[in-house]
Structures are given as C-alpha cells and as structure tokens.
Amino acid sequence: MVLIQVALDIIELDRALLIAKEAVLGGADWIEAGTPLIKSEGMNAIRKLREAFPQKTILADMKTMDAGAIEVEMAAKSGADVVAILARADDVVISEALRSAKKYGVRLMVDLISIDEPEARAQELVALGVDLINVHVGIDRQMTGKSPLEMLSKISREIDAEIAVAGGLKPETAQEAVAMGADIVIVGSYIIHSDNVAQSAKNIRHAVDSLCSASGLGSDSGVSFSQKSQEEEIFDIFRRVSSPNISDAMHRKGAMCGISTLFPGRKIVGRAVTVRTLGGDWAKPVEAIDLCGKNDVIVIFNSDRNMAMWGGLATKTAANRGVAGLVVDGAVRDMDEIKKLSLPIFAANVVPNAGDPKGLGEINCEITCGGQIVNPRDFIVADDSGVVVVPKEKAYEIARRAEEVWKKEQRILDEIDKGQSMSSVLELLKWEKQK
Ligand SMILES: O=C([C@H](O)CO)[C@H](O)[C@H](O)COP(=O)(O)O
C-alpha cells in the first residue's frame with residue numbers, strides 16, 4: 001500500500017493541528033511536522049502532534065545538515081517516528097544520524113533536495129545503510145517549473161530502498177509518482193492550502209489507490225496525463241488569481257500607478273503589444289490593433305494625459321478582432337459608445353478632445369506605462385484592483401507563486417468564515433517585529 005504523508009508547512013501550530021485533523025479525515029497516513037513549523041514552534045510541534053494523533057506516524061522534517069545524532073535524538077524524544085535529514089550532509093553526519101535513529105527506535109529518511117547527482121548520492125546513502133530516501137524538489141525550485149518525477153523515474157529503478165517523493169504533488173502527479181514506484185507520497189501545498197483540506201487529501205488518496213488497485217502497476221501501467229504547455233498553465237493561473245495576488249507574488253513590483261478600469265468587472269489576461277505615441281497622436285495605437293491576436297493586450301504610453309488617442313471607432317475595431325483589452329497611460333474618449341462594447345479598458349484619464357493621426361511613435365518597443373516598464377509579449381493582468389505587468393521571462397514562476405498566494409488566502413478565508421478573526425488566524429501579535 002502506498003502511504004500518503006501530509007506536510008504541515010505552516011508556521012502557526014493551532015492551524016497546523018486543525019489542518020492535520022482534516023487531512024487525516026481525508027485519508028493521510030503520515031503527518032509531517034514541516035520544517036517551517038519546526039522552526040517556528042520547535043520540538044513542541046512534534047509533541048503536540050504526537051499528543052493529538054497517538055496512532056499516526058509522525059515525521060519530523062528536521063533538514064539536518066550537522067549534528068546528526070542530537071537532532072535525531074531530539075525529534076525522537078519529542079515523539080517522532082521518522083526523522084528527515086539532508087542528503088547534502090557529510091557521510092559522517094548521516095552515519096551519526098543512523099546510529100541515533102537505531103538507538104531511539106525511529107526511522108531515518110534522507111532528503112535528496114538540491115543534490116546535483118541524485119542517483120549517485122542515493123546509491124551512496126543506501127550503502128551507508130539508509131533505507132528511506134526522499135526524492136524531493138523544494139518549493140522555490142518548483143516555482144521555476146522543476147518536478148521530482150524525472151529524478152524519481154531514474155532513482156526508483158536503481159536503488160533498493162523505500163522511496164518517498166515530494167515537490168508540488170497534486171492528484172495527477174501523485175498518481176504518476178506511484179506508477180513510477182514511489183512508496184510514500186508527500187503532499188504539502190495541494191492539501192494544506194486548500195479550502196477543503198479533507199477533500200483534497202481524499203483526492204490524493206483516490207488518485208493513489210485507484211492506480212494501486214489497477215493491474216499492471218508500474219511505469220507501463222497505461223495511465224496517461226494531459227500535459228498543458230507552460231503558456232497554457234500561465235494563462236489558466238492568471239485567469240484564476242487577482243492582480244493583488246500577483247503583486248504579492250512579485251513583492252509589490254509590477255503594479256501600475258494611476259491607471260484604473262473604466263468598466264468594473266472586466267478582467268484582462270493577455271500578452272502585451274506595446275505602443276509609444278506622443279501628444280494624442282492616435283495613428284500607431286490604431287495600427288497596432290491590426291497586429292493583435294486573441295490573447296493580446298494593447299498597452300500604450302502617450303505623453304499627454306489630456307488628449308485622447310483612443311475612442312469609439314478604435315474600440316469597435318479591437319473588439320471585432322477579439323483583442324483581450326486595452327491599457328493606456330493616457331486618455332480615451334467616447335465613453336457612451338465604448339461602454340456598449342465588451343472590450344476591457346484601463347486608462348489614466350477620459351477627455352472629449354482627441355489628437356491627430358501623425359504616425360509619431362513606435363509599435364512593439366520597450367515602454368513605460370503607469371510607471372512600469374513593459375516589453376512586447378510581457379504578461380498583463382488587469383482587474384478592478386488595477387494593472388500588473390509580469391516580465392515574460394519570469395511569468396511561469398510568478399504565476400506559480402501567485403497561485404500559492406491565492407490558495408493560502410482561500411484557506412484563511414475559510415477559517416475566518418468558520419468564526420475566527422483574521423488576527424487570530426495569522427497570530428499577528430506573535431509575529432509582530434520584535435524590538
Ligand atoms: O519539505 C518541504 C519543503 O522543503 C518545505 O519544508 C515540503 O514539505 C514538501 O516539498 C512538500 O510540500 P509541497 O511541495 O508543497 O507539496
């Protein structure tokens with residue numbers, strides 16, 4: 001039977017206990033005191049988990065790099081059944097940890113996170129006596145598109161040890177991991193940031209169990225998964241999250257100033273076709289419409305915010321072409337006409353007077369819009385809170401991080417709905433900066 005381990009990467013102990021309870025209801029077998037929880041609450045986190053779940057296997061994710069024996073001893077004496085340390089530690093640390101694990105009757109899991117040659121290191125660990133290996137891609141590397149599955153497929157064929165796998169797993173990837181030979185599936189974010197923890201744990205349980213009960217378990221088990229392209233994934237996520245989620249993910253970078261929606265409720269997600277123009281000259285903005293595809297957003301910088309360079313006729317043309325939206329550091333006009341069309345428009349100003357079509361400026365060059373640099377093909381997300389620009393090179397990472405922000409907020413909302421205050425959920429007083 002494949003085991004499911006819920007990773008409690010949460011810094012508030014009460015929330016961690018609550019979430020663990022829900023995850024167990026959904027079918028989690030092992031409960032992990034995640035490294036952030038251990039750093040926040042120390043060994044007390046393990047004691048409390050032991051107390052609350054006397055029958056469950058508790059894993060302490062110590063991420064030990066040195067002093068192997070004492071760290072394993074601490075975790076074991078606090079109630080852990082399994083202690084996780086780092087494969088990057090020296091062999092002598094691993095051997096000391098193994099000795100301590102034996103002495104205190106716990107198992108040792110060794111984590112391959114950030115190992116350059118994981119297959120070779122896994123072989124060395126097995127030779128040292130390790131029998132539980134975690135094939136793991138850490139959270140920050142996940143955000144850049146890395147997955148543990150490739151590493152898993154190589155390692156599971158080659159080593160004689162029990163194998164755990166971790167790194168952004170969801171039902172589909174958990175199932176894939178089992179097909180590749182994983183014995184323990186470790187899941188953090190997908191479960192703990194869900195607004196229905198029990199259901200999410202159940203989804204993992206179902207995915208894993210349905211594969212285990214199918215005949216022909218193994219890499220040729222016939223399970224196939226639809227693969228989205230990175231671009232599709234970015235669009236999917238940006239359509240789901242908000243501009244504030246993205247701003248949080250970018251540590252407050254990317255938000256335009258002084259530009260807001262003209263029609264609340266209309267959202268833009270698209271890639272920038274940029275235009276720089278001068279003094280209300282509307283030739284280049286109108287020419288840019290003909291270069292746009294379905295997911296493109298026209299992003300314009302105009303040096304004069306009191307002279308419109310966009311109006312009803314341009315809006316009609318853009319809407320007919322299926323342009324995703326318009327963002328203007330400048331002015332538009334003809335509100336009575338453009339409000340009847342569905343094009344989302346974000347602008348700095350609305351004025352009745354327009355400029356002339358002189359053809360000054362450029363299309364698809366670097367511009368500054370609302371104080372932010374925008375390059376052609378950058379991602380634009382605009383909603384009722386404002387407009388953010390995400391550089392194309394960082395789009396996948398930012399989308400993944402924004403999704404984490406969104407999931408976390410959904411979960412917190414759910415706890416507030418159940419009667420808690422925001423301050424108590426986040427333990428604000430405890431986490432205020434100490435003088
Ligand atoms: O070990 C973990 C990470 O390094 C933070 O401590 C996570 O528990 C592990 O990666 C599982 O969490 P997800 O990747 O969010 O599923």
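## Overall picture

Helices here are DSSP runs of H or I with at least four residues, and strands are runs of E with at least two. With that in hand, welcome to this predicted model. The chain holds 19 helices and 18 strands, and its C-alpha atoms fill a box of roughly 85 × 50 × 40 Å along the principal axes.

Of the 435 residues in the chain, 46% are buried.

## The annotated span

UniProt, in an unreviewed entry, lists residues 3-204 as "domain: Orotidine 5'-phosphate decarboxylase". In the model, this span is 50% helix and 21% strand, and its end C-alpha atoms lie 10 Å apart.

## Around the ligand

Let us turn to the ligand. The shell around the ligand counts 18 residues, of which Ala-7, Thr-35, Ala-166, Gly-188 and Ser-189 come nearest. Three elements each supply at least two residues of this shell: helix α2 (35-41), strand β8 (184-187) and helix α10 (189-192).

What is the make-up of the shell by class? Eight of its residues are nonpolar, eight are polar and two are charged.

Helix α4 covers residues 68-78, and its buried residues are Gly-68, Glu-71, Val-72, Met-74, Ala-75, Ala-76 and Ser-78.

Which elements do the buried residues of α4 pack against? The partners are the helices α3 (43-52) and α5 (91-104), together with the strands β3 (57-64), β4 (82-86) and β5 (107-111). After α4 comes Gly-79, with a positive phi near 120°.

## Where α12 meets α17

Another pairing worth a look joins helix α12 (residues 230-240) and helix α17 (residues 395-417), which pack at an angle of about 35° with their axes 9 Å apart. Is the crossing of α12 and α17 left-handed or right-handed? The crossing is left-handed.

On the α12 side, the residues involved are Gln-230, Glu-233, Ile-234, Ile-237, Phe-238 and Arg-240. They meet Ala-395, Tyr-396, Ala-399, Ala-402, Glu-403 and Trp-406 of α17. By class, this contact between α12 and α17 brings together eight nonpolar residues, one polar residue and three charged residues.

Terms used: Residues are numbered from 1 along each chain as its sequence is written. This is a predicted model: local features need pLDDT of at least 70, side-chain atom pairs count only at pLDDT 80 or more; totals for chains, interfaces and linings use all residues. A residue is buried if 20 or more other C-beta atoms lie within 10 Å of its own, exposed if 12 or fewer, and partly exposed in between; C-beta atoms are placed from the backbone. A residue is near a molecule or strand if its C-beta atom, placed from the backbone, lies within 6 Å of it. Ala, Val, Leu, Ile, Met, Phe, Trp, Tyr, Cys and Pro count as nonpolar, Asp, Glu, Lys and Arg as charged, and the others, Gly among them, as polar. Two residues are in contact if their C-beta atoms, placed from the backbone, lie within 7 Å. Axes are lines fitted to C-alpha atoms, for helices over the stretch in contact, and angles run from 0 to 180 degrees between N-to-C directions. A crossing is left-handed if the near helix is turned anticlockwise from the far one by less than a right angle, and right-handed if clockwise. UniProt positions are given in the numbering used here, feature names are shortened, and annotations may be inferred rather than shown by experiment.
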